[in-house]
Amino acid sequence: MADNKRRGGDADDDDRLNDDVVSDAADDATDAEEPVAGGGTATRERSRTRTEGDRVGLFGRIARFVREVVAELRKVIWPTRKELLTYTGVVIAFVAVMLTIVALLDYAFAKGVLWVFGNPS
């Protein structure tokens, strides 16, 4: 009775829950047939296995690196000019505040050390 009140009081909710369980089981069965991806790279060269005679040279590895860098840079969401100026202003303001805090603490500790140990001059 308490379950029916919590779920909205419909008996149909139980049927929907059972349908979800059956569909999840069906999805699990199809997932087992699908191959599992070997990583998150954008290239397909990682999926094939290499034999001893199929080694890639230095320039081949550099070329693959450059291709992967270009592929990753295409995925980047670049900020607009307005966003860039806003982010730059926020960073400069934050650095200025932190610089002020550190400078005040440095001045306070320097005065404190001179007060504790005395001023030699």
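Is Pro79 buried, partly exposed or exposed? I looked this up as my opening entry: at 38% relative accessibility, Pro79 counts as partly exposed. I took buried as under 20% relative accessible area, exposed as over 50%, and partly exposed as in between, with a 1.4 Å probe and protein chains only.

**Basis.** I note that the model is predicted, so that local features need pLDDT of at least 70 and side-chain atom pairs count only at pLDDT 80 or more, while totals for chains, interfaces and linings use all residues. Residues are numbered from 1 along each chain as its sequence is written, and side-chain values use heavy atoms, with hydrogens and water left out.

**Overall fold.** I counted four helices and zero strands, in the order α-α-α-α along the sequence. Helices (H or I, at least four residues) and strands (E, at least two) are DSSP runs, numbered from the N terminus. Of the 121 residues, 1% count as buried. I recorded an accessible surface of about 11,300 Å² for the chain, with 63% of it belonging to carbon and sulfur atoms; such areas come from the Shrake-Rupley method with a 1.4 Å probe, and for residues only the protein chains shown count as cover.

**Pro79 and helix H4.** I placed Pro79 in the loop between H3 and helix H4 (81–117). Apart from neighbours within four places in sequence, Pro79 is in contact (heavy atoms within 4.5 Å) with Leu84 and Tyr87. I then checked the length of H4: its 37 residues should span 54 Å at 1.5 Å a residue, and the end C-alpha atoms are 53 Å apart, which agrees. The expected span is 1.5 Å times one less than the number of residues. After H4 comes Gly118, with a positive phi near 85 degrees.

I found two salt bridges, each defined as a side-chain nitrogen of Lys or Arg within 4 Å of a carboxyl oxygen of Asp or Glu. Glu68 pairs with Arg64 at 3.8 Å, N to O; they are four residues apart in helix H3, hence about one helical turn. Glu72 pairs with Lys75 at 3.2 Å, N to O; these are three residues apart in H3, again about one helical turn. Glu72 is partly exposed, at 41% relative accessibility.

**Nonpolar patch.** I noted a surface patch of nonpolar residues, including Leu58, Phe65, Leu73 and Trp78, with about 1,000 Å² of accessible area for the patch together. Patch members have over 30% relative accessible area and no salt bridge; like charges are joined within 9 Å, and nonpolar side chains (Val, Leu, Ile, Met, Phe, Trp, Tyr) within 5 Å. Leu73 lies in H3 (residues 58–75) and is partly exposed, at 44%.
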